[in-house]
Amino acid sequence: MPCLFAGALLFACQDKTMVKLETFRAGAGWGYQLKKNDQIFIRQEYIPAVAGNQAFISKSDAEKTGLLVLKKLKQKQHPAISVHELDSLQISYASFR
């Protein structure tokens, strides 16, 4: 699956390691990845915590979710995302409840 990197944000973690958030095209939607020292350590092509393999519908949705994951990592929290957090970020997704 070809990826077009559409954006990158750099963040310094507490140990001065630079972590880069990048958004990319994922099929008909968007995804994000986090890189540390140019090595991918999180690659998310689908919206986490929701049923099915749903790509983010916008670059902004992928970026907001990636920023939340990065914030959690900086605070030494587990980077898992919940449906409640997606809703609070106003991320669009199809609900199969």
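**View A. Phe56, a buried ring.** At 0% relative accessibility, Phe56 counts as buried in this predicted model. The cut-off for buried is under 20% relative accessible area. Tyr32 is buried too, at a relative accessible area of 1%.

**View B. The aromatic pair of Tyr32 and Phe56**. One aromatic pair is present in the structure. Tyr32 and Phe56 form this pair, with ring centres 6.0 Å apart. The planes make an angle of 50°, and the pair is tilted. Tyr32 belongs to strand 3 (residues 29-36). Phe56 sits in the loop between strand 4 (39-44) and helix 1 (59-74). The pair therefore ties together parts that are 24 residues apart in sequence.

**View C. The largest nonpolar core.** This core has 16 residues. Tyr32, Leu34, Phe56, Val69 and Leu86 have the most contacts inside it. At least two residues each come from strand 2 (18-26), strand 3 and helix 1. Helix 1 gives the largest share, four residues.

**View D. Val69 and the residues it touches.** Val69 is one of the core residues with the most contacts inside the core. Leaving aside residues up to four places away in sequence, Val69 touches Tyr32, Leu34, Ile42, Pro79 and Ile81. Tyr32, one of these contacts, is also a partner in the aromatic pair.

**View E. Arg43 over the ring of Phe24**. Arg43 lies over the face of Phe24. The distance to the ring centre is 4.1 Å.

Technical notes: Residues are numbered from 1 along each chain as its sequence is written. This is a predicted model: local features need pLDDT of at least 70, side-chain atom pairs count only at pLDDT 80 or more; totals for chains, interfaces and linings use all residues. Side-chain values use heavy atoms; hydrogens and water are left out. Rings of Phe, Tyr and Trp (its six-membered ring) pair if their centres lie within 6.5 Å; planes under 30 degrees apart count as stacked, over 60 as edge-to-face and the rest as tilted. Buried means under 20% relative accessible area, exposed over 50%, partly exposed in between (1.4 Å probe, protein chains only). A charge sits over a ring if NZ of Lys or CZ of Arg is within 6 Å of the ring centre and within 35 degrees of the ring normal. A nonpolar core is a set of buried Ala, Val, Leu, Ile, Met, Phe, Trp, Tyr and Cys residues joined through side-chain atoms within 4.5 Å. Contact means heavy atoms within 4.5 Å.
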